[in-house]
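Morning, everyone. I have one structure today, and I will go through a few of its parts. Please have a look at it first.

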Amino acid sequence: MSSLARRAILSLAGNRLVTGLMTRHGLKLGASRFVAGEALQDAVEVARRLNEQGLAVTLDLLGEGVTSRDGARAMAEGCAAILEVIRREGLDANLSVKPTQLGLSIGADVAMENLAQLQDLAGRFGNFIRLDMESSDLTDATLSLVRRLYARAPNVGTVIQAYLYRSPGDLRELAELGMNVRLVKGAYLEPPSVAYSRKADTDEAFRRLIAQHLSAGCYTAVATHDEAIIAFTREFVAQQAIPRSQFEFQMLYGIRPELQRELAGEGYRTRVYVPFGTHWYPYFVRRLAERPANVWFVLANLMKP
């Protein structure tokens with residue numbers, strides 16, 4: 001998809017008219033391909049099925065940009081419920097959260113309070129929390145939060161986006177702490193002053209970051225559906241004799257499920273990112289922007305009676 005078309009689709013995430021239209025019609029327009037459902041039980045059923053296929057899971061209660069303390073607290077309680085159900089159901093799963101979901105838009109201390117409580121709960125359950133990375137204007141604040149949390153206990157990690165020019169330096173600092181990091185290409189609308197706009201440049205930056213973090217001896221989650229990036233990772237770890245216990249592949253629910261099962265069948269730890277919740281629209285738009293086929297999938301659903 002062209003950069004112009006991608007930007008046009010991403011701009012819909014903030015359009016009130018389009019948001020209202022899509023959310024009124026629920027998940028039937030095609031979002032159910034990428035979102036497990038609106039209720040926690042929907043996500044649990046998906047996670048259990050994926051575990052039975054040999055796939056690990058990270059669960060994500062969708063929602064971002066929360067602007068009230070009560071709203072952030074409600075989201076924190078929803079995330080705590082995820083950790084509780086993972087323990088109760090014995091799922092091979094951890095938790096992903098967005099800092100603005102837990103109050104970063106209100107203040108760093110609000111987010112820190114909610115995150116610390118979740119971290120403590122995850123620690124009691126022997127689980128792990130990943131702070132997702134949002135748009136570039138929040139990168140510094142997110143990295144500050146994850147460093148503070150990591151100083152409390154090492155059961156947290158974060159995400160580094162390959163298309164940002166700053167990422168090699170950020171990743172180097174996280175490697176000095178020994179942090180578990182998920183590497184992604186990046187899915188937000190960013191200006192050319194801070195991020196690569198050409199896919200080839202982003203792909204090359206992604207490969208460099210994978211090699212950088214693995215070479216530092218840190219656990220690395222390579223989050224991609226790109227078979228060329230996957231092949232690069234496989235070749236690199238083989239050449240460098242890096243054990244499979246030091247990395248995993250991560251993919252999104254609903255995208256390339258056959259490849260997910262294939263990698264797991266070959267003995268690579270493979271984790272599926274499973275989002276759910278009522279605030280699914282912005283996430284859905286980002287998935288549409290990634291591949292033209294996703295747009296045609298939705299249009300086909302619109303044409304159904």
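Isoleucine 160 stands opposite leucine 183 in β5. The model is a predicted one, so keep that in mind throughout. Which strand does β5 pair with here? Strand β4, residues 156–161, pairs with strand β5, residues 181–184, in the parallel sense, and there are 4 bridges in that pairing. As background, strands of a sheet pair through backbone hydrogen bonds, and they can do so parallel or antiparallel.

Now the sheet as a whole. It is a closed barrel of 8 strands with parallel pairing, and the order is β1-β2-β3-β4-β5-β6-β7-β8. On average, neighbouring strands of this sheet are turned by 30 degrees against each other, ignoring direction.

Back to β4 and β5. Helix α7, residues 167–177, lies across both strands, and this helix runs at about 160 degrees to β4.

Last, a pair of helices. In general, two packed helices are described by the angle between their axes and the distance between those axes. What are these values for α8 and α9? Helix α8, residues 199–215, packs against helix α9, residues 227–239, at an angle of about 30 degrees, and their axes are 11 Å apart. Angles under 35 degrees count as roughly parallel, so α8 is roughly parallel to α9. The crossing of these two helices is right-handed.

Which residues meet there? From α8 we have Asp203, Phe206, Arg207, Ile210, Ala211, Leu214 and Ser215, and they meet Ile229, Phe232, Thr233, Phe236 and Val237 from α9. Sorted by type, the residues of this contact are 8 nonpolar, 2 polar and 2 charged.

Technical notes. Residues are numbered from 1 along each chain as its sequence is written. This is a predicted model: local features need pLDDT of at least 70, side-chain atom pairs count only at pLDDT 80 or more; totals for chains, interfaces and linings use all residues. Side-chain values use heavy atoms; hydrogens and water are left out. Axes are lines fitted to C-alpha atoms, for helices over the stretch in contact, and angles run from 0 to 180 degrees between N-to-C directions. Angles under 35 degrees count as roughly parallel, over 145 as roughly antiparallel, 65 to 115 as roughly perpendicular and the rest as oblique. A crossing is left-handed if the near helix is turned anticlockwise from the far one by less than a right angle, and right-handed if clockwise. Contact means heavy atoms within 4.5 Å. Ala, Val, Leu, Ile, Met, Phe, Trp, Tyr, Cys and Pro count as nonpolar, Asp, Glu, Lys and Arg as charged, and the others, Gly among them, as polar. Two strands pair if DSSP finds at least two bridges between them.
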